[in-house]
Amino acid sequence: MGLRLRPGVSTTDTAYGTVLLDERSGDYWQLNPTAARALRLLADGSTAEQAAAAMAEEFDVDEPRALRDVTALVGQLRAAGLVRP
């Protein structure tokens, strides 16, 4: 799958996760550490299923729950127009 932020969206890691800034609109989004980790996995080329498996192992959550969370994150990023189609 892999997920790519669209041009004009920048990221900054913080003590609380990652902030995404849409440079066009000035809007920003705060991702908690688990969402930030999922985004990094997806941006590095993992499929949603691969990211969910890694998240389940790292955060002691079952894979079906992790997959729902990763899928929801991708849906929210798409709805906000932050990722490439």
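**Exercise 1.** Which helices each supply at least two residues of the lining of the largest pocket?

*Solution.* The model is predicted.
Step 1. Begin with the pocket itself, which holds about 250 Å³ of space.
Step 2. Its lining is made of 14 residues; Asn32, Thr34, Ala35, Met55 and Asp69 are the ones nearest the centre.
Step 3. Assign the lining to elements: α1 (33-43), α2 (48-59) and α3 (63-79) each supply at least two residues. The most comes from α3, with six residues.
Step 4. Sort the lining by class: 10 residues are nonpolar, three are polar and one is charged.

**Exercise 2.** Describe how strands β2 and β3 are connected and paired.

*Solution.* 
Step 1. Locate the strands: β2 covers residues 17-22 and β3 covers residues 28-31.
Step 2. Find the direction of pairing, which is antiparallel, over four bridges.
Step 3. Look at the connection: five residues lie between the two strands, which form a hairpin. In the turn, Gly26 has a positive phi of about 85°.

**Exercise 3.** Which residues of the largest nonpolar core touch the most other members?

*Solution.* 
Step 1. Among the 22 residues of the core here, Leu3, Leu20, Leu31, Val70 and Leu77 touch the most other members.
Step 2. Trace the elements: α1, α2 and α3 are those that give two or more residues to this core, and α1 has the largest share, six residues.
Step 3. Take Leu3 as a case. Leaving out residues up to four places away in sequence, Leu3 touches Leu39, Leu42, Ala43, Val74, Leu77, Arg78 and Val83.

How values were computed: Residues numbered from 1 in each chain as written. Predicted model: local features only at pLDDT ≥ 70, side-chain atom pairs only at ≥ 80, totals over all residues. Heavy atoms only, no water. 1 Å grid on protein atoms, 1.4 Å probe; cavity = no way out; pocket = protein on both sides within 12 Å on 5 of 7 lines; lining within 4 Å. Points joined across faces, edges and corners; volume = space filled by probe spheres on them. Nonpolar A, V, L, I, M, F, W, Y, C, P; charged D, E, K, R; others polar. Pairing = 2+ DSSP bridges. Core = buried A, V, L, I, M, F, W, Y, C linked by side-chain atoms within 4.5 Å. Buried < 20%, exposed > 50% of the residue type's maximum accessible area, 1.4 Å probe, protein only. Contact = heavy atoms within 4.5 Å.
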